[in-house]
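Please keep the sequence and the model in view while reading.

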Protein chains: 4
Amino acid sequence: MGNQYGKLFRIATWGESHGNGVGVVIDGCPPGVPLSVDEIQQELDRRRPGQSDITTPRKEADTVTILSGVDQGVTLGTPIALNVFNKDARGTSYDEMKKTFRPSHADFTYEAKFGRRMAEGGGRSSARETIGRVAAGAIARKILKHAFNLDIIAYVERVQDISMPPLETPPSLDLVEANAIRCPHPETAERMIERIKAVRAEGDSIGGIIRAHLSNVPPGWGEPVFDRLEADLAKAMLSLPATKGFEVGSGFAGTYLKGSAHNDPFINKDGKIRTTTNNSGGVQGGISNGEEIHFRVAFKPTATIIQKQQTVNREGQPIELMGKGRHDPCVLPRAVPIVEAMAALVLLDHAMRHFAQNVAFKNTEYSSTEL
Amino acid sequence: MGNQYGKLFRIATWGESHGNGVGVVIDGCPPGVPLSVDEIQQELDRRRPGQSDITTPRKEADTVTILSGVDQGVTLGTPIALNVFNKDARGTSYDEMKKTFRPSHADFTYEAKFGRRMAEGGGRSSARETIGRVAAGAIARKILKHAFNLDIIAYVERVQDISMPPLETPPSLDLVEANAIRCPHPETAERMIERIKAVRAEGDSIGGIIRAHLSNVPPGWGEPVFDRLEADLAKAMLSLPATKGFEVGSGFAGTYLKGSAHNDPFINKDGKIRTTTNNSGGVQGGISNGEEIHFRVAFKPTATIIQKQQTVNREGQPIELMGKGRHDPCVLPRAVPIVEAMAALVLLDHAMRHFAQNVAFKNTEYSSTEL
Amino acid sequence: MGNQYGKLFRIATWGESHGNGVGVVIDGCPPGVPLSVDEIQQELDRRRPGQSDITTPRKEADTVTILSGVDQGVTLGTPIALNVFNKDARGTSYDEMKKTFRPSHADFTYEAKFGRRMAEGGGRSSARETIGRVAAGAIARKILKHAFNLDIIAYVERVQDISMPPLETPPSLDLVEANAIRCPHPETAERMIERIKAVRAEGDSIGGIIRAHLSNVPPGWGEPVFDRLEADLAKAMLSLPATKGFEVGSGFAGTYLKGSAHNDPFINKDGKIRTTTNNSGGVQGGISNGEEIHFRVAFKPTATIIQKQQTVNREGQPIELMGKGRHDPCVLPRAVPIVEAMAALVLLDHAMRHFAQNVAFKNTEYSSTEL
Amino acid sequence: MGNQYGKLFRIATWGESHGNGVGVVIDGCPPGVPLSVDEIQQELDRRRPGQSDITTPRKEADTVTILSGVDQGVTLGTPIALNVFNKDARGTSYDEMKKTFRPSHADFTYEAKFGRRMAEGGGRSSARETIGRVAAGAIARKILKHAFNLDIIAYVERVQDISMPPLETPPSLDLVEANAIRCPHPETAERMIERIKAVRAEGDSIGGIIRAHLSNVPPGWGEPVFDRLEADLAKAMLSLPATKGFEVGSGFAGTYLKGSAHNDPFINKDGKIRTTTNNSGGVQGGISNGEEIHFRVAFKPTATIIQKQQTVNREGQPIELMGKGRHDPCVLPRAVPIVEAMAALVLLDHAMRHFAQNVAFKNTEYSSTEL
């Protein structure tokens, strides 16, 4: 029962990897937003399989349809239903999986929880469910861009131990999209791609780090004490398949510093209160401070490998499993647009919450005689 | 508007550091739970100021009162209101703070958000608000212990660069509580304490890492796709003051491994399906797999330092701020019970959600003729 | 942003009357429930247009498809997406409506709220949106029947001033379904049908009362103080198009009685605590008491009439509107399955909430030494 | 677990009638609202016992304290905790009640649900819990008045069969408060008071109808399809102790009309789109249309009577119960401020929701080239 996200810009996703399709219903989208199906498709194309020679060779167009909530190219304020029908037929190649628990997949836990599972391709636990997130995120992102000129950019910073040099400023989308791994440092990207190909040749897999930058987030977003902005970002990122860690600002590395080195001094910059450093990562006390929000997400190596593995079947009998089929040896390039989509969903929801409490009634004048 | 947590075991906290008090209202607590005020007080005593010579010398008893929901020592199933009245009077020493934004505190962001703030001691942004969490967590923890023999233990693993050696099994509570820093490795603890004292002498501060172990969590808890168990743990931890990062299982370090090394093979151990390694950290696909859940939380150095710092005031004018007053040079020892409390709140809420969907109607027999 | 219902058995509906379709996504459905598309279709057939000669002659099959959450005829515990594609093309006959506010419709208020609306057939405000509710309700109902032998039956008690005599016990579904108006008293049903035909001949419309009986609801369901069972039933019923009133038990008539006549005495009946009368309507203090829950819902006359009406257009200019098209002269017969569906959704959600708090941890033994 | 209300202006109430106290925590209150404790006390004084010779003679001052969320007489935007400590000691006179189920009280259902209850004075099921609602409602009401000049007025329209003549416009607060029964028609009020005294002399009780008018509600509030404005009002009213029915606008009486008589024609009145009649009761399609919202609530006769009644005890044995103690022979006069408070809570929450989705992003310009 955890398939809904957001308090005000609220999405409900559905679908299994090899069922009839996947999709999302969005409730709470502001009315009057121009929206074409192409804008959503564009983001889905960034996550679809088969987009490059380092992703799974599975071919799926992942064509999205808008079923409701949009009229004459403009949102109505009513629920927006977005569907992507599955093309891939139910594979017979997956038969063994029905009886076997693949290591570090969700086969066992889904059975433990629900008493059953749709085995083909992971069913609901497949990363295919993120299609709904990316589709909804495309809309959230557009609204944020127009209302606040807010930019969200993510990229692959490290693959296994191959790391790009740190950037002074967030890279452009073009630079990120310029290569198959979505690393904005071309030389590093090349090495990452080589590594992925080498690992794939071994039938193995690797993970790495995605970094994200959220620019032009106005000060004041975030709802302490529980719904701090970074807390909701952490949840959003850890809700993605294959993620194992999240850090914002100075993160784990910041724990080696003393307070005198870690604190971000305030200055007055052209009439705006800014900080000279940004160890806080754009959030203080759970609320955005107007600086760039930057965070990092750890992705483990893909659980599917084309090697022999020891495991057990549903009856608890030991079994030797040989992975087969088409898979991503490294999820990172396709995860980049998903990270961006989740960030957009978190931010727009927080923007709406902030406005409802703190802006809606701001201009109300209370006479001093009330006191 | 983010001062409520949990879907079914739902808490609402309130209070400012120098207002009349702090507290919590719990809705959804199971009825029939024996509960004495001492059990709650005991946990609060673990987080209260002045408990050792490396925490703030502020003396506050933080005495809790049960105002409702408990009759003759047993919970009624109705809301439980817990209050702690503040003893510390509003300090005049804080006057300067009303006009000044302390670096890396929430002074600026609270004003940016709400247009005002209660300045004394940080107001709502003070870690004093965690009293309500610890009080509620004490109840959640007791229920989990009795219903599942579930154990939650956290401890300080690293202070700045002083790290304890890894443990084979979770430490006992006694071992953790044996020293002021709450590190279960006595020699390391001693060095940590020395470091904290040295840093305090400089008027500076430090951070570090808390590790937590959740034992005997049954398989099946967690609500993918958004409310994965680790996602909710990540949110809970990042909702704590001074946290900058979270990792579960292999975490960031796991991104250096290949899938063949990272995957946790399943085995049959005495009729139970278990894994031989635990890089997953007890969660797979967002659902507990019956292994120990372990995670790490990064705490930054305390923002309050007794040194001169450059900052600006509300008018944006540069100002030199000299920190004073009593503070914790390192938040970690007092954060240990808070981390445990939040883990308890996450787990009990998930237990209730899991039960409602997957257990409540499990024994219902559906005749095959229905199909 | 009010298109989601339920806390644990949670549904999200979408769709406009003349868009691509309507549907629902259900999150939180218990796994292991046998479910065929026919069971859902059967309930949709009870609400579809064109089913009799007193409903709108519009012909729509309203064929439902299950897109996810069900595998091999059994629910998986994952979200269930149900779609009904619209057949009726966008009518050109509705062109005038785009500019005109039909009296007592939602044309004006949707524009006031959202700044725009999909005008054809009422768009989102059309009763066509209840398809998603009926589809989800069919599943809830099945679970309640199997788990508790719980029966939900509604029927038309009064059309305008034509009222059926009171029943001693709830009627059978067969008796209700025996005639087009869904009144279980054949002679009254005949008179109601005649009245509807006469009113339709005038181009006018009428309303009336639907009564519902919920049998075998176990004692203990309902979540005071805000989510009382009757409060949630009231909300569910008033959320239906064309409803203006709700009463439970003795309702408005009970306000004429003295307490001595209104109170329901408790007795011991075969070892069960029961009441001899049921003015309470099966709920006391917001919680079911094991007696039959019965309530009544007032439906206003259909707003669409085939007569000249004075109104204004979007520019505020007075305009004479002549209704046309196919409509229901009386919504009651088609509203019966909708009332039942909403009752089922309320009850299952409350059952799950009750179990989560009060049953899940009931057998936990707490040693008395804890106290 | 139903002790929280509201989505954005969210309250959590707590407390039993004879425990330590009752109270409320409000999350989401806009910052910058001038708020004195007197403004809240004033509303509590309207509901407190012992205020006139037709209410219970129990004397309780119900003095409220603000514990958080307000600084220097202005709201901070952080949670506002309001406490009322109970003065009345736990009565020994209630001993019998612990073992006996009073007819039409919640004694039996609370035990059925929770397995236990606090018996004194009804515990959580006592109307004393409404203190928290009235306190929170006082704040909501103030904000609505200042932001929208929105007026909420309720009054007793009928006591048993004594009914006042209909009013053309809502009465003034002064007129309502001019007599003990809170009926704005002095002659009727006198008869009602006489009736209540006569019924009390018999040891019996009576009920009646409260009518409420909500004026200056802007068009556009309400969140179809589930959270229609009238649906949330219905829920709010049915969540009050002793209520059995709700109707808005033409209500049950409207079911006798034909559509041609029931529809509210639109006109242009001074540039505003208004209706000439108001059978809709100010809501169309679940959204306010700018007309006055008016509704009626049915209250049953008080369950406590000073007469012999047959019932059973916890063991199911028949027992003769003789009511004693101090009680209200008619709850209506004290229910008037409670109805108003709940209406205020519903309206402010809807105002905030409407703003978040439909107003916050309204001025965002989307260039046409986006399409």
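## A pair of facing residues

In this predicted model, B:A212 stands opposite B:F295, a residue of β16(B). The two strands concerned are β10 (residues 208-215) and β16 (residues 293-299) of chain B, which are joined by 7 bridges and run antiparallel.

Strand β10(B) also pairs with β8(B): 8 bridges join the two strands, again in the antiparallel sense. Here B:V156 has B:I210 of β10(B) as its bridge partner.

As a general principle, strands of a sheet pair through backbone hydrogen bonds, in either a parallel or an antiparallel manner.

## A glycine in a loop of chain D

D:G286 is located in the loop between β14 (283-284) and β15 (287-288) of chain D. Is D:G286 buried or exposed? It counts as buried, because D:G286 has 28 C-beta neighbours inside 10 Å, and the cut-off for a buried residue is 20 or more.

Leaving aside residues up to four places away in sequence, D:G286 touches D:G222, D:P224, D:R228, D:L229, D:E230 and D:A231. One of these, D:L229, is 57 residues from D:G286 along the chain, yet their C-alpha atoms are separated by 5.3 Å.

## How the chains are related

Chain C can be laid on chain D by a turn of 180 degrees and a shift of 0.0 Å along the axis, with an RMSD of 0.0 Å. That is the relation of a two-fold axis. The same surface serves both copies, since 100% of the contact residues of chain C recur in chain D.

Chain A can likewise be laid on chain C with an RMSD of 0.0 Å, by a turn of 180 degrees and a shift of 0.0 Å along the axis. Among the residues of chain A, A:A12 comes closest to the rotation axis, at 3.6 Å (C-alpha).

## The contact between chains A and C

In this contact, 35 residues of chain A meet 34 residues of chain C. On the chain A side, β2 (10-15) and β3 (21-27) each supply at least two residues, and β2(A) gives the largest share, 5 residues. By class, this side has 13 nonpolar, 15 polar and 7 charged residues. The copies meet through the same surface, because 97% of the interface residues of chain A are also interface residues in chain C.

## Confidence in the model

The predictor gives the complex an ipTM of 0.97 and a pTM of 0.97. Chain A has a mean pLDDT of 93, and 95% of its residues reach 70 or more. Over residues 367-371 of chain A, however, the pLDDT is below 50; beyond near neighbours in sequence, this stretch has 4 contacts in the model.

How values were computed. Residues are numbered from 1 along each chain as its sequence is written. Chains are lettered from A and ligands numbered from 1 in the order in which they are written. This is a predicted model: local features need pLDDT of at least 70, side-chain atom pairs count only at pLDDT 80 or more; totals for chains, interfaces and linings use all residues. Copies are superposed by least squares on the C-alpha atoms of residues with pLDDT of at least 70 in both. Two residues are in contact if their C-beta atoms, placed from the backbone, lie within 7 Å. Two strands pair if DSSP finds at least two bridges between them. Helices (H or I, at least four residues) and strands (E, at least two) are DSSP runs, numbered from the N terminus. A residue is buried if 20 or more other C-beta atoms lie within 10 Å of its own, exposed if 12 or fewer, and partly exposed in between; C-beta atoms are placed from the backbone. Ala, Val, Leu, Ile, Met, Phe, Trp, Tyr, Cys and Pro count as nonpolar, Asp, Glu, Lys and Arg as charged, and the others, Gly among them, as polar. pLDDT is the predictor's confidence in each residue, from 0 to 100.
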